[in-house]
Amino acid sequence: MPADWLSPADWQAVRLSLKVAFWAVLCSLPLGILTAHALARWRFPGRGLLNMLVHLPLILPPVVTGYLLLLTFGRQGAVGAWLEQVGIVLAFRWTGAALAAAIMAFPLMVRAMRLSIEAVDPRLEQAAATLGARPAWVFLTVTLPLILPGILAGAVLDFAKAIGEFGATITFLSNIPGQTQTLPSAIYTRLQVPGAEAQAGRLVLVAIALSVGALILSEWLSRAAARRVAP
Amino acid sequence: MSLSVRIDHAWPGFSLSVDVTAPPGVTALFGASGAGKTTLIRAVAGLLRPDRGRIAVDGRMLFDSDRGVNLPPHRRRVGYVFQDARLFPHLSVRQNLLYGRWFAGAGGGPTLAQIADLLGIAPLLERRPAALSGGEAQRVALGRALLARPGILLLDEPLAALDQPRKAEILPYLRALRDATDLPILHVSHDPQEIRTLATTVLRLEAGRVIAQGPPDAVLPLPQNAGVTLRATPRDGPGPGQWVDTAAGVLHVATRATGPLRLRIAADQVMVATAPPAGLLGATILPARMVGQADGLLRLAVGTTHLLARAPLDPALCPPADSAVHAVLLRDPTVLDAIGCTTDSPSQND
């Protein structure tokens, strides 16, 4: 494969997408585990509401999510203005793309993790408690190791979804090469230019390869999770 | 060390109300399913919060509704062995055993080597729980609970899920454990045989209440249908009914007969008198000799055969072996059937 199979601009879009997805996964992982655990194990008022909120990005038109992000995290937005004062700018930066990707992929990650947590026998956690483990230790030494493959599966799925995020990103952050032009935005741009179909096609192949690879890995990890939990 | 429990707990359709103390040694909780046995030990472990009451181990208050004390399970130092061993599938046997020890911190108590030796699990240490048999898994669970340095051991029917050979494999280990420790051990079971093998005290529960407490032979029901079957042949005699000759002597039955009979003398129809009884109307008194005692029953040599009788509640009252006593039959024997019988030796169907 020649080195110029992808143009430097295309490579930039692929690298940016990988960077955005990586940080989106890394930052949402702890919150995802916590949310999945809360939804699977705890009974508290507002549980239904939390469940709905988590799933909202899956249901809403991505444009709406992007617009809401713009309203909230834009430079004039309630949170955005405050963040700018402490030196964090999200609008029209790759960090904003990571936020958008994290939020859009969050429901997928939480669903995968929640399923694996629900598969863990709570009686094992009870046994750990009678052996002297306080709840945080029960989680770290029993629950977490048992759901680790499930968490990885959720993270891989999250990563794939984050790479593909388009609607919310382009609404929230526009389409700036090197800052917010991720892989899907780049494909979209190439398709608007006459004669760039071949270029777009190569990016499409990259996108397909990444997605299918992630799906296979996620599936394999889920099976490993099931094997591990079965006594 | 001892355990004292006084709790009240109610659900719709069921209530538990007990006030008991368990001395060191094995205290068996005996009763049918739903009598409240598991509820009681779950309350001791802190897995269930009773409505009212107090629970203390060795003077250490685990739960006191009046003073608002309710220690969480991980601070109760209670060794709980569940019916399903509940070993951690992602840890090796060795890691399972040491799990609780890590939280118990430094201090005395048995070592891993001692426990592995006591329970015969040393060859299993590097295995995964999935590769253990039911009996092995239960022994590992027992060792894991012991190594957490508990103040009390709770055994929630640890043998109930095992078949007879596996039970027989574990019982000697439980006996060795009982004799090697001064922990109070609460042992939930509905198997009288298992309890007789292990327990020093029995609490008999029924519908959430303690209906009896004492040594196993005093509290456990007699083995069902304990008694002997005798062959009898009719003989002449006065009055209604029928006199018969048996290996135990001349007896009377209610029905007329012309040919051989089989009779049943249940253990709870036979009393033992150490002095010649007098003035008992309607009872048959036979000279007898003490043979021995087992499972809450006395075995008596009567005539050329044996009869079974209920043992006295206080073992001190039990006549010495080979002493002369009197077997008092409180009722006429039951006629089983009038056809030929194959044996006149004592049988005990339990």
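## A glycine after helix 2 of chain B

Just after helix 2 of chain B, B:Gly105 adopts a positive phi of about 75°. Helices here are DSSP runs of H or I with at least four residues, strands are E runs of at least two, and both are numbered from the N terminus. This is a predicted model, in which local features need pLDDT of at least 70 and side-chain atom pairs count only at pLDDT 80 or more, while totals for chains, interfaces and linings use all residues. Residues are numbered from 1 along each chain as its sequence is written, with chains lettered from A and ligands numbered from 1 in the order in which they are written.

## The buried side of helix 2

Helix 2 of chain B covers residues 93–104, and its buried residues are B:Val93, B:Asn96, B:Leu97, B:Tyr99, B:Gly100 and B:Arg101. They lie on the same side of the helix because they cover an arc of only 170° around the axis; the arc is taken from the directions from the helix axis to the C-beta atoms. Buried means that 20 or more other C-beta atoms lie within 10 Å of a residue's own, exposed means 12 or fewer, and partly exposed is in between, with C-beta atoms placed from the backbone.

Among what covers these buried residues are helix 3 (112–119) and helix 4 (134–147) of chain B.

## Chain A at a glance

Chain A has 10 helices and 0 strands. Its C-alpha trace spans about 65 × 45 × 30 Å along the principal axes, and 43% of its 231 residues count as buried.

## Where the chains meet

Here, 15 residues of chain A are in contact with 19 residues of chain B, a contact being two C-beta atoms, placed from the backbone, within 7 Å. On the chain A side, helix 6 (122–130) and helix 7 (135–164) are the elements that give two or more residues. Helix 6 of chain A supplies the largest share, 6 residues.

## The nonpolar cores

A nonpolar core is a set of buried Ala, Val, Leu, Ile, Met, Phe, Trp, Tyr and Cys residues joined through C-beta atoms within 7 Å. The largest one has 128 residues, and those with the most contacts inside it include A:Ala101, B:Val44 and B:Leu186. Helix 5 (residues 94–118) of chain A gives the most to this core, with 17 residues.

Leaving aside neighbours within four places in sequence, A:Ala101 is in contact with residues including A:Val20, A:Ala162 and A:Thr169. Apart from this core lies another of 25 residues, among them B:Val272 and B:Leu329.
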